[in-house]
Amino acid sequence: MIYTITLNPSIDYIVPVDKIELGGLSYMKNDYKLPGGKGINVSRILKALSTESIALGFVGGFTGKFIEDALDELDVRTNFINIKEDTRINIKLKSDQETEINGRGPALSDEEVAAFLKQLEKIKEGDTVILSGSKPPSLPEDFYEKLIQQVTSQGAEFAIDTTGAALEASLSYKPLLVKPNIHELEALFNMKLETNEEVIAYGKKLLEKGAKHVIISMGGDGALLISERGTYKAEAPKGKLINSVGAGDSMVAGFISSYLKSKDSVQSFRTSVASGSATAFSEDLASTEVIKDLLAHVQVENLK
């Protein structure tokens with residue numbers, strides 16, 4: 001089984017506005033309320049790719065109920081820990097520029113955290129755990145590492161899509177996949193990376209530190225895959241950028257879905273890029289049809 005973990009889910013409240021008048025009154029053209037959080041996004045794209053998963057994490061209040069109901073309608077399996085405080089709301093203002101206002105997230109009690117850790121004890125050898133996104137501020141800084149220690153000690157593999165110290169600490173546990181974007185890679189090494197050669201060199205450092213596969217997303221410039229098999233570059237398919245939210249999560253889902261079935265990292269990279277691009281070209285996360293259409297247009301070059 002694949003388990004996705006979203007420690008700090010949200011309702012993503014997407015608000016398109018023709019022109020925002022700060023200090024004045026603006027009117028929405030329409031609005032969308034979507035179940036949000038990086039692991040939840042991964043589970044939704046896995047479902048679009050006919051790959052089952054179970055979404056884990058914490059939800060609470062009327063906002064948490066909305067997330068559970070929305071995922072149930074999408075036929076995404078969940079097993080969340082219900083908490084006392086409300087799940088957060090993240091506001092995405094879409095105008096001439098895109099502005100995000102994210103909630104910090106609920107405070108979790110010791111009992112709620114213990115119930116979550118107890119739940120992870122059922123994870124076993126052959127399972128894959130995908131850890132994505134931020135954590136509520138009440139959790140300790142090393143919480144991701146504790147989760148990784150637990151699931152790997154039980155024989156499961158894991159992929160991680162986070163940043164900074166949590167990403168760096170995960171590498172020695174040999175993640176199946178890490179997926180920094182170019183800005184996150186720069187921040188991790190405190191370096192400005194000007195060329196593909198520099199990006200590849202620092203991506204290889206993640207491989208040397210323990211990652212089995214490294215995908216570096218570069219927006220309109222495509223993406224890189226670095227693994228023991230070699231280094232590969234995919235150009236981004238052509239299309240109109242509509243939605244940047246969830247594109248990276250879609251890349252993670254695309255790779256994991258394909259790799260667990262085929263063990264072919266290059267084909268899985270193609271599915272990853274098609275999935276990420278399909279979400280970028282959609283109002284919401286990508287549909288099965290758009291991913292399949294784009295897959296035929298993803299060209300991968302072996303950089304050796």
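These legends describe close-up views of a predicted model.

**View 1. Helix α7 and what covers it.**
Helix α7 runs over residues 196–208 and has 13 residues. From first C-alpha to last, α7 reaches 18 Å, close to the 18 Å expected at 1.5 Å a residue. Its buried residues are Val199, Ile200, Tyr202, Gly203 and Leu206. An α-helix has 3.6 residues a turn, so residues three or four places apart point the same way. Cover for the buried residues of α7 includes α6 (182–189). Strands also take part, among them β11 (177–178), β12 (213–217), β13 (223–227) and β14 (230–234). Gly210 follows the helix, and its phi is positive, near 140°.

**View 2. The largest nonpolar core, seen around Ile5.**
This core holds 41 residues. Ile5, Leu7, Phe116, Val129, Leu131 and Leu147 touch the most other members. Helix α4 (residues 143–153) supplies the largest share of the core, five residues. Which residues does Ile5 contact, leaving aside its neighbours within four places in sequence? They are Gly39, Leu56, Phe116, Leu120, Val129, Ile130, Leu131, Ser132 and Leu147. A second, separate core has 30 residues, including Val42, Met251, Ala253 and Phe255.

The model has 18 salt bridges. In one of them, Lys29 pairs with Asp18, with the closest N and O atoms 3.5 Å apart. Both residues lie in the loop between β2 (10–16) and β3 (32–36), eleven residues apart. Are these two residues buried or exposed? Lys29 is exposed, and Asp18 is exposed too.

**View 3. Lys118 and Glu121, a second salt bridge.**
The closest N and O atoms of Lys118 and Glu121 are 3.2 Å apart, and the two residues form a salt bridge. Side chains of opposite charge can pair when their charged atoms come close. Lys118 counts as exposed because its relative accessibility is 54%, over the 50% cut-off. Glu121 has a relative accessible area of 47%, so Glu121 is partly exposed.

The side chains of Glu235 and Lys233 meet in a salt bridge at 3.2 Å, N to O. Glu235 is partly exposed, with a relative accessible area of 46%. Lys233 is buried, because its relative accessible area is 11%, under the 20% cut-off.

**View 4. The hairpin of β7 and β8.**
Strand β7 covers residues 88–94, and strand β8 covers residues 98–101. The two strands pair in the antiparallel sense over four bridges. How many residues does the hairpin use to join β7 to β8? The hairpin passes through three residues. Lys94 stands opposite Glu98 in β8. In a regular strand the side chains alternate between the two faces of the sheet.

**View 5. Thr162 in its loop.**
Thr162 sits in the loop between β10 (157–161) and α5 (164–170). Its relative accessibility is 10%, so Thr162 counts as buried. A polar atom of the Thr162 side chain lies 3.4 Å from the backbone oxygen of Gly133. Leaving aside neighbours within four places in sequence, Thr162 is in contact with Gly133, Tyr144 and Leu167.

Definitions and conventions
Residues numbered from 1 in each chain as written. Predicted model: local features only at pLDDT ≥ 70, side-chain atom pairs only at ≥ 80, totals over all residues. Heavy atoms only, no water. Expected span 1.5 Å × (residues − 1). Buried < 20%, exposed > 50% of the residue type's maximum accessible area, 1.4 Å probe, protein only. Contact = heavy atoms within 4.5 Å. Salt bridge = Lys/Arg side-chain N within 4 Å of Asp/Glu carboxyl O. Core = buried A, V, L, I, M, F, W, Y, C linked by side-chain atoms within 4.5 Å. Pairing = 2+ DSSP bridges. Polar contact = N/O pair within 3.5 Å; in protein donor to acceptor, adjacent residues only side chain to side chain.
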